[in-house]
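Please keep the sequence and the model in view while reading.

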Amino acid sequence: MRIWFDLSNSPHINIFKSLIRELEQDHEVLITTRPLANTIELLELHGFQFEVIGRHYGASKWRKALGYPVRIGQLYRHLRPLRPDVAISHSSFHSPVVAALLGIPSVYMNDNEHTLGNVPSFVSATKVLIPEFMDAAAARRQGARADKIIRYPGVKEGFYLWSFRLRERERRPGRPRIYVRPEPWTALYYDGAVGFLDELLLGLAREADVILLPRSPDQASRYQAPRFAGVTVLDKPLTLEEIAPACDLFIGAGGTMTREMAVLGVPTISVYQAALLDVDRYLIGRGAMSHEPKLTAAQALGALRAARRRPPNHEVLEKGRAAYGLVKSTLLGLAPA
């Protein structure tokens with residue numbers, strides 16, 4: 001069977017890399033992507049073969065709307081002669097539509113009930129997989145028929161972190177190390193503040209080693225300005241295997257990486273500025289992370305001094321193992337007879 005993955009954003013590599021490796025043993029896997037955030041660099045880092053199709057259209061909703069059918073057409077023209085049998089994606093708003101045009105079944109996963117891109121995806125997908133903590137009524141309002149919806153156990157991050165082998169925490173002399181992931185400037189779902197981390201970063205850098213994980217060259221350029229001389233801005237992406245053991249405190253202005261750190265037991269503070277997702281509320285309610293949208297350096301440093309690293313969240317990871325099996329069986333169950 002020929003299985004198509006559209007990995008259109010950097011979190012998708014971690015989400016699907018284990019499933020891709022397993023499926024490659026018995027099936028042919030096709031991977032498409034686009035130049036957004038660290039997606040291409042991470043695909044190369046993990047040694048995947050892929051095709052870059054289309055581009056990202058920036059933060060403007062008008063440009064996104066105009067560019068949306070362009071990439072659908074580009075994907076259709078690329079894939080039609082390759083004849084995939086089934087498609088799967090997470091938050092790729094293009095994949096289910098292209099699959100429908102190709103006449104093949106598709107699995108669409110999403111854990112963000114606020115994004116408008118769900119509407120064409122929910123309508124076009126054969127099966128819609130959402131986490132158990134996401135409101136199914138919200139998915140139905142966005143076009144997913146009840147008979148399409150499958151609710152998988154736990155949260156998306158457990159789906160792939162259950163098989164993650166976390167190295168022992170790095171113990172080293174010197175200042176604590178804080179990793180910071182800025183806000184998703186160009187994301188369709190994000191309508192929060194931009195550039196609000198400046199004073200926090202400057203305050204933290206006086207007492208800790210601050211490592212910024214930029215999402216794009218533009219974001220990296222902003223924090224390479226002289227006033228941020230005390231902040232280390234990485235010029236290439238790191239893997240989870242590199243970040244988690246070295247991190248004493250993680251501060252995230254986005255979603256997926258913040259939840260990944262929380263599930264792995266790293267002390268984590270979300271400073272997300274837009275409406276929280278149901279999955280975020282679940283992890284906050286379980287004490288896996290906190291949400292401080294107006295976080296100050298003094299508060300963060302106080303949290304750092306009081307922080308205790310926990311073992312990975314066993315409940316979430318066990319649910320993730322079950323979710324992995326459910327997603328795999330759903331995908332293979334759509335195979336042509």
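## Basis and loop residues

Buried means under 20% relative accessible area, exposed means over 50%, and partly exposed lies in between, with a 1.4 Å probe and protein chains only. This is a predicted model, in which local features need pLDDT of at least 70 and side-chain atom pairs count only at pLDDT 80 or more, while totals for chains, interfaces and linings use all residues. Residues are numbered from 1 along each chain as its sequence is written, and side-chain values use heavy atoms, with hydrogens and water left out. Helices (H or I, at least four residues) and strands (E, at least two) are DSSP runs, numbered from the N terminus.

## Positive phi outside glycine

Arg83, in the loop between helix H3 (61-79) and strand S4 (86-90), has a positive phi of about 50° although it is not a glycine. Arg83 is exposed, its relative accessible area being 63%. Ser91, in the loop between S4 and helix H4 (95-102), is likewise a residue other than glycine with a positive phi, near 60°, but Ser91 counts as partly exposed, at 21% relative accessibility.

## Strand S8 and its partners

Four of the five residues of strand S8 (residues 177-181) are buried, so that the strand is mostly covered. Two strands pair if DSSP finds at least two bridges between them. S8 pairs in the parallel sense with strand S9 (residues 209-212) over four bridges, and Arg177 has Asp209 as its bridge partner in S9. Four bridges also join S8 to strand S11 (residues 249-252), again running parallel, with Phe250 of S11 as the bridge partner of Tyr179.

## Nonpolar cores

A nonpolar core is a set of buried Ala, Val, Leu, Ile, Met, Phe, Trp, Tyr and Cys residues joined through side-chain atoms within 4.5 Å. The largest one has 54 residues, and those with the most contacts inside it are Phe5, Phe16, Leu19, Ile88 and Phe159. Apart from it lies another core, of 26 residues, among them Val180, Leu197, Ala220 and Val271.

Helix H8 (residues 198-205) is largely enclosed by the rest of the structure, because seven of its eight residues are buried. Contact here means heavy atoms within 4.5 Å, and what covers the buried residues of H8 includes S8, S9, helix H9 (217-223), strand S10 (231-233), S11 and helix H13 (297-306).

Arg215 lies in the loop between S9 and H9. Lys and Arg count as positive and Asp and Glu as negative, while His and the chain ends are not counted; a salt bridge is a side-chain nitrogen of Lys or Arg within 4 Å of a carboxyl oxygen of Asp or Glu. Arg215 is buried yet has no salt bridge, the nearest side chain of opposite charge, Glu183, being 6.8 Å away. A polar atom of the Arg215 side chain does lie 2.7 Å from the backbone oxygen of Pro182, and one lies 3.4 Å from the backbone oxygen of Glu183.

Terms used
A polar contact is a pair of N or O atoms within 3.5 Å; within protein, one must be able to donate a hydrogen and the other to accept it, and residues adjacent in sequence count only if both atoms are side-chain atoms.
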